[in-house]
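Hi there,

Here is the structure I promised to pass on.

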Amino acid sequence: MKNNTIENCRIIEIPKVHDERGSLAVIEKGCFPFEIKRVYYLYDVPSDAFRGGHAHKNLNQLLIPLSGSFEVLLKDGTSSNRVLLNKPNKGLLIVPGIWREIDNFSSGSVCLVLASEVYDETDYLRDFNEFQSFKG
Ligand code: T46
């Protein structure tokens with residue numbers, strides 16, 4: 001977990017069915033490499049808001065821009081990468097041991113998060129120095 005790098009984070013395309021009535025995206029077992037234990041979502045986010053600013057020790061997550069767009073800055077202690085999420089059928093897999101900062105929310109955006117574990121505050125690294133020590 002602590003050895004994960006930003007290379008282990010990737011965009012996952014969610015299968016969709018499109019016809020003249022619109023699109024239907026399907027998330028089911030096997031779509032991505034963890035079982036879902038929790039689902040939450042960010043909404044009514046002001047465009048100048050800054051979310052995240054932490055890492056998780058053991059949590060896998062898939063962030064999906066259900067509506068609108070936002071950006072995710074990923075850091076592994078050595079490298080960083082900024083990812084724009086703006087397609088509701090393209091989610092960002094964030095593996096454990098990766099610092100993330102989320103900003104540039106468009107008006108009305110909704111960020112759906114599928115998570116591999118239930119909420120546990122002790123899983124958070126909310127201080128960047130603590131994160132760097134964790135990464136060794
Ligand atoms: C992440 C981004 C996308 C709960 O009580 N239960 C929960 O499941 C979560 C996620 C949070 N909380 C409480 C903890 C805080 O008192 O809600 C408050 C806000 O949480 P936080 O500051 O962690 O929110 P974000 O938006 O900065 O980060 C959250 C996730 O924590 C994080 O893993 O990647 O959404």
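How many bridges join strand β5 to β12? Two bridges link β5 (residues 51-56) with β12, and these strands run antiparallel. Strands here are DSSP runs (E, at least two residues), numbered from the N terminus, and two strands pair if DSSP finds at least two bridges between them. In this pair, Ala55 sits opposite Leu125 of β12.

Before going further, please keep in mind that this is a predicted model, where local features need pLDDT of at least 70, side-chain atom pairs count only at pLDDT 80 or more, and totals for chains, interfaces and linings use all residues. Residues are numbered from 1 along each chain as its sequence is written, and side-chain values use heavy atoms, with hydrogens and water left out.

The sheet

Five strands make up an open antiparallel sheet, in the order β8-β7-β10-β5-β12. Its edge strands are β8 (80-85) and β12 (124-125), each of which pairs on one side only. At the β8 end, six bridges join that strand to β7 (residues 70-75), again antiparallel, and Val72 stands opposite Val83 in β8. The hairpin of β7 and β8 has four residues between the strands, and Gly77 in this hairpin takes a positive phi near 100 degrees.

Glu101

Strand β10 (residues 99-103) carries Glu101. Is Glu101 buried or exposed? Glu101 is buried, because its relative accessible area is 16% (buried means under 20%, exposed over 50%, partly exposed in between, with a 1.4 Å probe and protein chains only). Its neighbours by contact (heavy atoms within 4.5 Å), leaving aside residues up to four places away in sequence, include Phe50, Arg51, Glu71 and Val72. The Glu101 side chain also makes a polar contact with the side chain of Trp99, at 2.9 Å. A polar contact is a pair of N or O atoms within 3.5 Å; within protein, one must be able to donate a hydrogen and the other to accept it, and residues adjacent in sequence count only if both atoms are side-chain atoms.

Two loop residues

Most residues other than glycine have a negative phi. Asp44, in the loop between β4 and β5, has a positive phi of about 55 degrees although it is not a glycine. Asp44 is exposed, with a relative accessible area of 70%. Asn104, in the loop between β10 and β11 (110-115), likewise has a positive phi, near 55 degrees, and is partly exposed at 44% relative accessibility.

Happy browsing!
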